[in-house]
Amino acid sequence: MVKGKCPECGANLDLEDPVVREIVECPDCGAELEVVSVEKNKVSLKAAEIEGEDWGE
Amino acid sequence: MKTIGMISDRVRWDEKALIEAAKRKNIKLVLIDGKDIFLEATGNFDRIPEADIYLQRMVSTFKGLYITKILESKGKPVVNSYAVSSVCADKLLTTLALRKAGIPSPRTFVAFDVDAALDILEELGYPAIIKPVFGSWGRLIAPLKDPQSAKAILESRESMGALYQIYYIQEFVDKRNNRDIRSFVIGDKVVAAIYRIAGQDEWRTNTALGGKAELCPVTPEIEDLSLKAARALGEGVYGVDILETSNSMLVNEVNHTMEYHTTVPLTGVDIPGMLIDYCLEIVK
C-alpha cells in the first residue's frame, strides 16, 4: 500500500499499486482525485479534471 | 515479444484492469498519456512511445479519433480502428450503419432547425427522445413529453455548440422492466452481457446515472443481434446497447471505447484480459 493525502479534505488514503493519472475516489469526502506522481511510499494527488464537453462516446 | 501501447487521458478502473491483465499475462503494455504526445501529420517527427499495436482508451472522443487516424496513416494498427470509432462516436452514423445492415433500431429522425424538429414530433408522437449526436453516459439526452416542453428543450440547445443543433430525435421505446441490455463483443464473440436497470426517478439506464446492473444470460437472440451489429460496423470490440420491447429487440447504440467496471466484477468475465489477447492476435 502506498500512502496519499486527499487535497480536498485531508483524509489519508492507502492505494494499491497506484499509477500516474489513475483516478481514485477519496473514501471520506468522495472527491474524484488524480494521481500526479508516485514515489516509493507516497503518492501526490490533485482534484481530477472535470468532465470535458466531448468526453465519452 | 509484441508491445501494446495503451493511449489514455485518465487511468480509470477500466484502464487499471488492462494494466493488471497485461501484467498477469506477462505482456508488455506501455502507458501513453494522450496529453504528452505530439504527432507530425506531414512526416514522422512524432513524440509517442513505439508499440506494435495501440489500444485507444482516450475519454475525449475527438482527441482519441484524431490520434487513431494519424497512427493508422503511419501504418500502425489501432483498436478500435478509425473506421469503426468514427461511426460509433456519432449516433446518426451508427443509426445509418445499422439500417444499412437491416438491424432493427428505434425509429429515428434528424432535423436542423427547431421548427422542423417540432414537425418531426407531429409524425413521431409524444413522448420522444432527443440525443446529442456525440456524447455519452446519458448526458443531455432528454425526453420530449409535449409540444411546450419540446420547444423549450430544442430552444435551449440553440445556445449551445453547433453539434447540439443537429436534432437527433428518436421514438420513446417503452423498455420492458425499465431496463436495457449491454452486451460485449470482442472480435467475433459475445463475451458477456448485463441488464442495466434505471435508477429511481430516472428512465435512463446508464450506470453513470445510478442505473443498477444485473446478470444477463447471453441468449441466442442477444448473441445474434450483437454480432450482427458488430459486423455492420466492422472488425472491432464493442459495447452494444439493446432495448427489449414486449415483442422484439432493438439495437440502440454501439460503443467503441467500452467501459466494463460494472460488468467484470458482476459476471467474472475477464474482459480486460480478452482485450489484451485480441490486440495480440491482430499483430501475431
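At what angle do α1(B) and helix α9 of chain B pack, and how far apart are their axes? In this predicted model, the two helices meet at about 65 degrees, and their axes lie 8 Å apart. The crossing of α1(B) and α9(B) is right-handed. From α1(B), the contact draws on B:A17, B:L18, B:A21 and B:A22. From α9(B), which spans residues 271-282, it draws on B:P272, B:G273, B:L275 and B:I276. By class, seven of these residues are nonpolar, one is polar and none is charged.

Helix α1(B) also takes part in the contact between the chains. Here, 20 residues of chain B touch nine residues of chain A. On the chain B side, α1, β2 and α2 (61-73) each give two or more residues. The class make-up of that side is nine nonpolar, seven polar and four charged residues.

The domain assignment divides chain B into domain 1 (3-87), domain 2 (108-171) and domain 3 (175-256). The C-alpha centres of domain 1 and domain 2 of chain B are 34 Å apart.

An open sheet of four strands is found in chain B, with the order β5-β8-β6-β7. Its pairing is antiparallel. Strands β5 (108-111) and β7 (142-144) of chain B form the edges, each pairing on one side only. From one strand to the next, the twist averages 30 degrees. Strand β6 of chain B covers residues 128-131 and pairs with β7(B) through three bridges, in the antiparallel sense. Within this pairing, B:I130 has B:A142 of β7(B) as its bridge partner. Helix α6 of chain B, residues 147-158, packs on the sheet. The helix touches β6, β7 and β8 (167-171) of chain B. The direction of α6 makes about 140 degrees with that of β7(B).

Backbone geometry was examined next. Most residues other than glycine have a negative phi, and most peptide bonds are trans. Two cis peptide bonds in chain B are described here. One joins B:Y126 and B:P127, with omega about -5 degrees. B:P127 sits in the loop between α5 (114-124) and β6 of chain B. The other joins B:V79 and B:N80, with omega about -10 degrees. B:N80 belongs to the loop between β4 (78-79) and α3 (82-88) of chain B.

Positive phi values occur at two asparagines. B:N26 has a phi of about 60 degrees, a positive value although the residue is not a glycine. This residue lies in the loop between α1 (13-24) and β2 (28-33) of chain B. B:N178, also not a glycine, has a positive phi near 50 degrees. The loop that holds B:N178 runs between β8 and β9 (179-186) of chain B.

Key:
Residues numbered from 1 in each chain as written. Chains lettered and ligands numbered in written order. Predicted model: local features only at pLDDT ≥ 70, side-chain atom pairs only at ≥ 80, totals over all residues. Pairing = 2+ DSSP bridges. Axes fitted to C-alpha atoms, helices over the stretch in contact; angles between N-to-C directions. Contact = placed C-beta atoms within 7 Å. Nonpolar A, V, L, I, M, F, W, Y, C, P; charged D, E, K, R; others polar. Left-handed = near helix turned anticlockwise from the far one by under 90°. Domains from an automatic or database assignment.
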